[in-house]
Structure formats: C-alpha cells, structure tokens
Amino acid sequence: MTLSSSFPAFPENSSALPLDTVSVQGQELDASTTAGPLPIFRYTNQVKVALHQLATWLQTNHYRFITVTPATHARVNARLENSQAQSLAGIFGWSRPFTHTLLPAEMFDPLREAGIVLAHGSLWRSQVRVSSLDGLLFFHSAYPTEAADAVFFGPDTYRFAQALKNHFKGREVAVQRAVDIGCGAGPGVLTLARLCPQAEVMGVDINPTALALTRLNAELAGLDQVQLCLSDLLQQAEGSFDLIVANPPYLVDASQRAYRHGGGPLGAGLSLDIVNAALERLAPGGSLVLYTGAAIIDNQDPFHQQVVQLLDSQQVAWKYEEVDPDVFGEELLRTTYASAERIAAVVLTLTRLA
C-alpha cells in the first residue's frame, strides 16, 4: 500500500499551514514554544502530512480505541502481558512501547522522521494517542499526560458528547452561533459542528497545543466550518452566543496542569467562572450546557449550592442533574479530598429567558 496515494503533498511554503505555527482566528500561534517537551507539537508541514497519513491508515485498518481513566490505563498497562504493544491499539491507544516491525515501513518511516514516534530503549513509543468517538478519530496527548500543555481525552469526553446530543434532542430553537469553552482536542466543538452544520461554531482554549490538535481533528473530520480562538474563557472571543458548552477540568491538581486543575478548594472554581462568563455572553433564549464534576461532602453538593446562589437572581431557567455518581474515586485518597465521600459527574443546563 502506498500511504500517500490518496493524500496530497504540501509544499514547505504552503499557505495552508505555516511552519511551526497554527493560524487561529487571524492569529499565528507558535505551537513550538509551548510548555510541552514533545516534538510532535511543533506542528510543521511534515508532522501534518504524517498525522494525516496515519489517520487514513488507521481508518483503513478499522482502528478503534475507547480511552479510559488514567488509573485504569495504569492498571491495565501494569499487567505483565501488556509491557509491550502487540496491536495498533497498543501503540496508539495504550501508549505502550512497540517494536517497529508492528508497522509497515511505509508507515513507520514517516512517523519516525516527523518525530511522532520516538526511541524508547530498543523499542519505540508514539507521542500521540488516537481515540474513537461517534465514528471519528481524535489525536490527543499520549499517556501519561504529564506535560503542562497536555491535551485531555477520556471517559468525561464521552459523557460530555452524550450531554450535548441529549440537549439537542429537546432543543426547539435553531443554533446560529455556538462556542465550546476549553475545546481541548475538539470533541465538543466537532460534535456541535455535526449537530448544527449551518451554525457558526467556535472552539476556544488557552492552550495552543489543544488548538493545533482541534484544527487537525476538524480537518480529518471534514468539518471546515469550525473556527478557533486562543482565549481565556470568552475574553478574546467577540459577540454573544445562543449556545455555550464546556467540559472544564474539575479536579484539584497539585501541578496545576491546565487540562486537569479546576481551581478553588474542591476544583469547582473554573466551572463557576464559566457560568459567570456564560451569563454575560448568552443571547436571549441562549443556553449553556456545562458538564463538570462535583465533590460530595456529607451527602451535600457544595457546587450545586453555589450554583443556586449564583442563579437565584438571574432571569434563567435551569436544571442540574447528576449523570454519574462516582468518578475518579482514586482522588479520594488525596488530602485535598479528605472530607469528600465521592466525586460526581454533573450536567448544568441553563437558558436565558427572552
């Protein structure tokens, strides 16, 4: 098989992809100087071509991988028989070291030359994972996600996408302008683009690496209408929106990694900031769909209590539901969560009254 037969070559001076930069909302974001040390995120033309080739090849080979929690990932990889990859899912899903003979030379060589696979002792290791969601493939950070600019994808991603689809089942008003706050690898904004193909759909993030991967994943999905903006919440995004969605980090992370740290004493700080930002920018009749987590203490939900206080004086209709009673249970071993009995996944939906 000739991997490049169905994929056009991009000259080094192609306007479609400035070297080492990602063009986002009229800005040139330098993705080569982010905090992450991995060369994969120096988003050169060579990297782009190799990743497109990889995606095409994985689709041809019916690749599928559902990403699990970091704790489950560690436990499964710790099994003796999983010390080395034996399949494509082992390489690009479980992030296991692999021998180069698992890949044909015409696939391995471009990945090696682009720095997408790096030497790992006598073996090799991929610098990206590839996960499946609703028939699409998403590139995101390899396990373990230790870099400051790591891009998250996991069980929360699947629940978030389902929350968006549930919202559209009951939505009567068409979406004209939508935004995903903290778009990460792009699963939320790409789900929106498929659910409302005629709408202006934007993804915003503070992490240039995330925006680079969202751009790539949107290209692979053929969703060219997706716009991207480097923004802290909605500060750099203009105008009002009739749909705002978000799946923010909601844990307390000692390293304060952007994809994981929610801020505040129990991780709810960023979620509350998103609610406030949405209240300022929702158009009349517009909605917020916020998927997040809440630490439960003595059978009480402090995040829910804060939401009640915040929305009490607002002209909004809202509902709050617990969609999974027990997520990230391993976090309860940390001192930060010494008083918590569980962490729940919740969905807050609010609509500004016209």
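Colleague: Is strand β8 largely enclosed or open, judging by its buried residues?
Modeller: This is a predicted model. Strand β8 covers residues 200-205. Of its 6 residues, 5 are buried, so the rest of the structure leaves β8 largely enclosed.

Colleague: Which residue of β8 is the bridge partner of Ile-181?
Modeller: Look at strand β7, residues 177-181. β7 and β8 pair in the parallel sense, over 5 bridges. In β8, the partner of Ile-181 is Val-204.

Colleague: And which residue of β9 is the bridge partner of Asp-205?
Modeller: Strand β9 spans residues 226-230. β8 and β9 run parallel and are joined by 5 bridges. Within β9, the partner of Asp-205 is Leu-230.

Colleague: Which helix makes a β-α-β unit with β8 and β9?
Modeller: Start with β7 and β8: they make a right-handed unit with helix α6, residues 187-195. The unit of β8 and β9 is right-handed too. Its helix, residues 208-221, is α7.

Colleague: Why does Ser-95 count as buried?
Modeller: Ser-95 sits in the loop between α3 and α4. Its phi is positive, about 55°, although Ser-95 is not a glycine. Buried means under 20% relative accessible area. Ser-95 therefore counts as buried, with a relative accessibility of 4%.

Colleague: Does His-62 count as exposed or buried?
Modeller: His-62 lies in the loop between α1 and α2. Its phi is also positive, near 55°. The cut-off for exposed is over 50%. His-62 has 71% relative accessibility, so the label is exposed.

Colleague: What kind of peptide bond joins Tyr-143 and Pro-144?
Modeller: Pro-144 is in the loop between β6 and α5. Omega is about 0° for the bond from Tyr-143 to Pro-144, and the bond is cis.

Technical notes: Residues numbered from 1 in each chain as written. Predicted model: local features only at pLDDT ≥ 70, side-chain atom pairs only at ≥ 80, totals over all residues. Heavy atoms only, no water. Buried < 20%, exposed > 50% of the residue type's maximum accessible area, 1.4 Å probe, protein only. Helix = DSSP H or I, 4+ residues; strand = E, 2+ residues; numbered from the N terminus. Pairing = 2+ DSSP bridges. Right-handed = clockwise from strand over helix to strand, strands pointing away.
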